[in-house]
Amino acid sequence: MRVVLKECAWETQDKDLHVLTDPREVITLADPDGKVAAFFAELDRGPRTVEELCDALDLSRDDVHDALAGLDSLGLIESAEGRSLGDPRLDARHLSNLAFFGLYAGLDQPRAAFVRRLRQSHVLVLGVGGGGSSLVQNLAGLGVGRLTLVDRDDVEPRNFARQFLYRHADLGRSKVDRAAEWVREYDPSIEVRAVDRWIAGPEDLEDLFDDVNLVAGGLDGHPDAAVWINAAAVRAGIPFVAGGMTRSQILYYSVDPGVSPCVSCDRRSRPSPEAPDTAGFVERSRAKLMITNALNGPMAMQIGSLIAFEAARYLTGCEPPFAAGRYVKLDLRNGLVPEIQPFETDPGCQVCAT
Ligand SMILES: [Zn+2]
């Protein structure tokens with residue numbers, strides 16, 4: 001393996017070497033004899049093997065291995081080969097994805113591996129309307145290799161405030177067909193399947209989970225849709241990421257089967273509509289509030305991108321899923337600062353407690 005420095009700058013001050021890889025923090029390394037600076041300078045000349053570093057710096061193999069382990073633990077180096085997908089056109093297509101995953105890259109975790117995992121992934125997107133439209137665009141941008149899109153609506157004028165997959169000329173067309181067409185035009189290497197289907201119950205999901213790595217999105221139309229998807233995803237052992245909006249909050253959450261509690265563990269999310277209390281009143285009245293959907297462009301784009309990045313966490317392993325077993329709520333009354341509400345756990349949950 002040849003080792004290369006990640007994007008960073010450094011400067012000697014007195015007996016310290018200051019290293020900058022993220023503008024918000026300076027890493028300070030003690031360097032009384034200038035050897036650390038010499039190590040950086042040698043790596044800066046280009047990718048180097050351990051042997052080349054030993055020869056150039058007159059160091060033992062153990063010294064070089066120790067130095068590399070230290071720099072790797074600080075997130076400053078990676079494998080030179082791992083910076084490329086092996087095809088200049090692909091590297092250009094994924095320029096920003098590769099640069100982004102460079103944040104998480106290290107000697108054992110090439111940045112290209114994160115992008116490859118996305119390219120090998122199959123995501124089932126349920127709903128290509130409100131949040132789903134921007135979700136599809138974000139997943140395509142990340143380079144997710146296979147998408148199965150499910151929806152039953154046609155493109156209507158009311159969609160245009162927030163669903164930027166669709167054009168005026170698409171009015172009256174099947175959304176899911178048009179969404180699939182958009183993906184093919186955007187990146188012909190993405191395999192996309194359109195399923196024009198109304199999900200009226202759990203049985204309508206059964207044949208959709210083959211070879212799927214993750215389920216994302218949200219179906220409107222039935223208050224129990226999230227519960228159905230949750231149950232199907234947990235049964236299949238596939239992560240599920242979803243989101244939505246209330247009057248003044250947008251939120252997303254995910255379920256990591258076998259790891260996090262699931263949607264059905266959280267009874268607060270489904271209070272009894274018959275209960276003679278305020279929770280029951282809220283549940284009885286929820287449908288009325290949903291008649292006019294306030295999820296406009298900026299809100300829909302937020303939800304789509306938050307769901308897409310949570311999906312990328314699961315698919316690449318770049319970091320642990322942030323919203324597993326909890327609602328992450330962005331409050332319009334508070335500058336969209338996230339607040340976390342963990343799911344209740346239910347050791348006897350009929351969906352996930354096995
Ligand atoms: Zn559960």
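Guide: In this predicted model, buried residues make up 47% of the 354 residues in the chain.

Visitor: What makes a residue count as buried?

Guide: The cut-off is a relative accessible area under 20%. Of the 354 residues in the chain, 47% fall in that class. The accessible surface of the chain comes to about 17700 Å², and 51% of that surface belongs to carbon and sulfur atoms.

Visitor: What secondary structure does the chain have, and what box do its C-alpha atoms fill?

Guide: The chain has 11 helices and 13 strands. Its C-alpha atoms fill a box of roughly 75 × 45 × 40 Å along the principal axes. Among contacts between residues at least 6 apart in sequence, 61% join residues at least 24 apart.

Visitor: Why is Asp14 called exposed?

Guide: The relative accessible area of Asp14 is 77%, and exposed means over 50%; therefore Asp14 is exposed. Asp14 is found in the loop between β2 (9-13) and β3 (16-22).

Visitor: What is noted about the phi of Asp14?

Guide: Phi of Asp14 is near 55°, a positive value in a residue other than glycine. Most residues other than glycine have a negative phi.

Visitor: Which other residue has a positive phi, and why is that residue called partly exposed?

Guide: Phi of Leu336 is near 60°, again a positive value in a residue other than glycine. Leu336 is found in the loop between β12 (326-331) and β13 (338-342). Its relative accessible area is 22%; buried would require a value under 20% and exposed a value over 50%, so Leu336 is partly exposed.

Visitor: How do you know which class Asp33 belongs to?

Guide: Asp33 has 53% relative accessibility. The cut-off for exposed is over 50%, so Asp33 counts as exposed. Asp33 lies in the loop between β4 (25-30) and α1 (35-44). From Asp33 to Ala99 the separation is 66 residues in sequence and 33 Å in space, C-alpha to C-alpha.

Visitor: At what angle do the axes of helix α2 and helix α3 cross?

Guide: The axes of α2 (residues 50-57) and α3 (residues 61-73) come within 9 Å and cross at roughly 110°. Angles of 65 to 115 degrees count as roughly perpendicular, which makes α2 roughly perpendicular to α3. The crossing is right-handed. Val50, Glu51, Leu53 and Cys54 of α2 make the contact with Arg61, Val64, His65 and Leu68 of α3. By class, these are 5 nonpolar, 1 polar and 2 charged residues.

Visitor: What is the corresponding angle for helix α7 and helix α11?

Guide: The axes of α7 (residues 130-142) and α11 (residues 297-316) cross at roughly 45° and come within 7 Å. Roughly parallel would need an angle under 35 degrees, and roughly perpendicular begins at 65, so α7 is oblique to α11. α7 passes α11 in a right-handed crossing.

Visitor: Which residues of α7 and α11 meet, and what classes do they belong to?

Guide: From α7, the contact involves Gly130, Gly131, Ser134, Leu135, Asn138, Leu139 and Leu142. In α11, their partners are Ala300, Met301, Ile303, Gly304, Ser305, Ile307, Ala308, Ala311 and Ala312. The residues of the contact of α7 with α11 divide into 10 nonpolar, 6 polar and no charged.

Methods: Residues are numbered from 1 along each chain as its sequence is written. This is a predicted model: local features need pLDDT of at least 70, side-chain atom pairs count only at pLDDT 80 or more; totals for chains, interfaces and linings use all residues. Side-chain values use heavy atoms; hydrogens and water are left out. Axes are lines fitted to C-alpha atoms, for helices over the stretch in contact, and angles run from 0 to 180 degrees between N-to-C directions. Helices (H or I, at least four residues) and strands (E, at least two) are DSSP runs, numbered from the N terminus. Angles under 35 degrees count as roughly parallel, over 145 as roughly antiparallel, 65 to 115 as roughly perpendicular and the rest as oblique. A crossing is left-handed if the near helix is turned anticlockwise from the far one by less than a right angle, and right-handed if clockwise. Contact means heavy atoms within 4.5 Å. Ala, Val, Leu, Ile, Met, Phe, Trp, Tyr, Cys and Pro count as nonpolar, Asp, Glu, Lys and Arg as charged, and the others, Gly among them, as polar. Buried means under 20% relative accessible area, exposed over 50%, partly exposed in between (1.4 Å probe, protein chains only). Accessible areas come from the Shrake-Rupley method with a 1.4 Å probe; for residues, only the protein chains shown count as cover.
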